[in-house]
Amino acid sequence: MSDTLSAHQSNADQPNRPVYEFGPFRLDVAKRILLREGQTVALTQRLFETLLALVENSGRVIAKDELMSRLWPDTVVEEANLTVNISALRKILGETAGEHRYIATIPGRGYQFVARVRQADEERPRLILEKLTSAEIIIEEHEDLNAEQTAEIGISPPTISGSIVQPSRRRLKIAAACGVGLLLVCAFLYFRFAGGSRMTGTGAMPRSIAVLPFKMLDGSKSGEYRGVGMADALITKLGGLKQINVRPTSAVLKYAGLDQEPVAAGRELNVEAVLEGSIRESGNTVRITAQLVSVETGLPIWTDKFDESLANVFAIEDRVSAKVADAITINLTGEEKQRLARRYTDNFEAYQEYLKGRFYASRRTPETLKTGIEHFNRAIEIDSNFALAHVAIADSYALLALRAYSVLSPHDAMPRAKSAALKALEIDDALAEAHNSLAQVKMRYEWDWNGAEREFKRAIELNPGYAFAHQIYADLLFITGRSAEALAEVKLAQKIDPSALSFSASHALYLYYLGQSDEALAQCSKALEKDPNLYTTRLVSALAYEQKAMHEEAIAEAQKAASMRSGKSGEAIIGYIYAKQGRRDKALEIVEQFKQAAKQNYVDPIYVAVIYSGLQDAEAALIWLEKAYGERSPALIYLKYDPRYSEIRAHTGFQNLLRRVGFEP
């Protein structure tokens, strides 16, 4: 069988076969050749027919079956043949990995030609005027226009049935007005579709975006953090825009190093658009290709390339973020424009250290957090005014003091976190992340509820789409007795970022504190179905099972959590369950393990206190709670509502402790 499609052999002989143009290419159907800037591009007949099928159907998704039937009408072939054809065609058109300037893969459906296509004989859109009556349209604002004036605005006298009709004065005015409108539309379409920044998506503009880690195309050693760093920088910039929700870096980290289809990732992250890109370094120069893809249509909304010196990568970040904002037609306020253009450092070396720090700290293990802090400190040694590096230090120290990590004493970690947050605010008081960092210190360490609320509200005011701030603010609302508001706030965080499954743990924890164990388990179950490795969610699930006296299930959940992280929270829950079961020896065995571990590393005294509470040993529990108070354990903010202290809650010492932490008994 000939490599040329039999279905189109007869069409080739038809007169006036069109010539299609797209980018630097010209596809001559009659001559059956493809030209690039006047030079012939070698194509097999099969590849020519594949390209022709795509170009003729530009803007429409062609199902794989439809394409295969057209290309191999009399032969049964496997889908792999089509995949090979498409891959070869992409290389011929000059697409690199991750680019979709011409051909987009629509997962589960087929392919779509997404570049702007025009026929070579199309000079400009024609204006057709039909059934114009002076009674229907009246334009009185303009003076008479002569032929030269109509030519200036880009219109010709209307043509009807092939003959030129001399326009009346009123009709000429109408034509002029329509011409101006058409000119504006054409200008919009030109800049939207034909410029270097192509915007080809259709439908409503996206209001939720995920920025995937950029792919390194040169295999450089910096690839492990550079791609994540570029995404993180853009997330920070775009996160300050109040009209869109941008998924946080933590939500997209799992895509680092993966050849992930942007549409599939967008569906997993529950966003309307995905920004993806690639980085290629050569000597002292870098080329970054980026595109914003509609999750609904699979089409690029915008795509572009940027070439800069490696040291001026900041300029590319500025341009990409500005282009994205422009592509989704956001009307920015003056303040937002300033924030979008804001650079937190111009020092390339400091920036590299910051990117490395973000890469490690975002993994959120005790070891990677410490490594991240080392890089952040190097960044501020180079540029002491690097506000984002100060915020990153604050957040890392605050995490290391939490009981889920139990690595540093709060007295060691929290003052450092506060100092870093205050320094960041000194540099930039409009940095939402810095206000959120300071709020956490005030709530979890200083027990300053009013001060914490002030900082949380400021963070949310600066960035309403900052889901993490909404989640932590919900903690404050709950511990200060506003449980309904807390549930509403954490639900808002979940709505803003549905991909953040960890928010379900906060929601479930409040339900557990309120005695709604079934509802808490339902929240945990939904999250764990999507990701069974959610540490905090496993812990809350264990607590909810214990509340239902389902001790074996509770221990199983706590053991799964303990296997995920070296923190002691899982073991403490197991010890508490043993205590509730009456297995005193097993419970005290875990207590002894904690005491021995505390001789080598920091162990939050709250772990021992909760086990003694389960054993109904109020005196021993209060001794360890007093130690936790002396170290200002962040876990004490839940003291008033945690059901595990129900057996000792009436004790005078417990009531006095509540007052000192800042609660009314």
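Modeller: Glu-455 sits in helix 17, which covers residues 449-462; helices (H or I, at least four residues) and strands (E, at least two) are DSSP runs, numbered from the N terminus. The model is a predicted one, in which local features need pLDDT of at least 70 and side-chain atom pairs count only at pLDDT 80 or more, whereas totals for chains, interfaces and linings use all residues. Residues are numbered from 1 along each chain as its sequence is written, and side-chain values use heavy atoms, with hydrogens and water left out.

Glu-455 is buried and yet has no salt bridge, for the nearest side chain of opposite charge, that of Arg-454, is 4.5 Å away. Buried means under 20% relative accessible area, exposed means over 50%, and partly exposed lies in between (1.4 Å probe, protein chains only). For charge, Lys and Arg count as positive and Asp and Glu as negative, while His and the chain ends are not counted; a salt bridge needs a side-chain nitrogen of Lys or Arg within 4 Å of a carboxyl oxygen of Asp or Glu. When residues up to four places away in sequence are not counted, Glu-455 touches Leu-425, His-435, Leu-438, Ala-439 and Lys-442, where contact means heavy atoms within 4.5 Å.

Helix 16 (residues 432-444) is mostly covered, with 13 of its 13 residues buried. From its first C-alpha to its last, helix 16 reaches 18 Å, close to the 18 Å expected at 1.5 Å a residue; the expected span is 1.5 Å times one less than the number of residues.

We can now turn to the nonpolar cores, each a set of buried Ala, Val, Leu, Ile, Met, Phe, Trp, Tyr and Cys residues joined through side-chain atoms within 4.5 Å. The largest has 83 residues, of which Val-211, Leu-275, Val-320, Tyr-354 and Phe-386 touch the most other members. Helix 14 (residues 387-400) gives the most to this core, with eleven residues. Apart from it lies another core, of 81 residues, among them Phe-478, Ala-508, Phe-594 and Leu-658.

Next come the sheets, in which two strands pair if DSSP finds at least two bridges between them. Five strands make an open sheet in the order 4-3-2-1-8, with antiparallel pairing. Strand 4 (39-41) and strand 8 (118-119) are at its edges, each with a single partner strand, so one side of each has no neighbour in the sheet. Strand 1 (residues 19-22) pairs with strand 8 in the antiparallel sense over two bridges, and Tyr-20 stands opposite Gln-119 in strand 8.

Another open sheet has three strands in the order 5-7-6, again with antiparallel pairing. Its edges are strand 5 (62-63) and strand 6 (103-106), each with a single partner strand, so one side of each is left without a neighbour in the sheet. Strand 6 and strand 7 (residues 110-113) pair in the antiparallel sense over four bridges, with Thr-105 opposite Tyr-111 in strand 7.

Lys-64 lies in helix 3 (residues 64-71). Leaving aside neighbours within four places in sequence, Lys-64 is in contact with Glu-79, Leu-82, Arg-109, Gly-110 and Tyr-111.

Lastly, Asn-270 has a positive phi of about 55° although it is not a glycine. Asn-270 belongs to the loop between helix 9 (262-269) and strand 14 (273-282).
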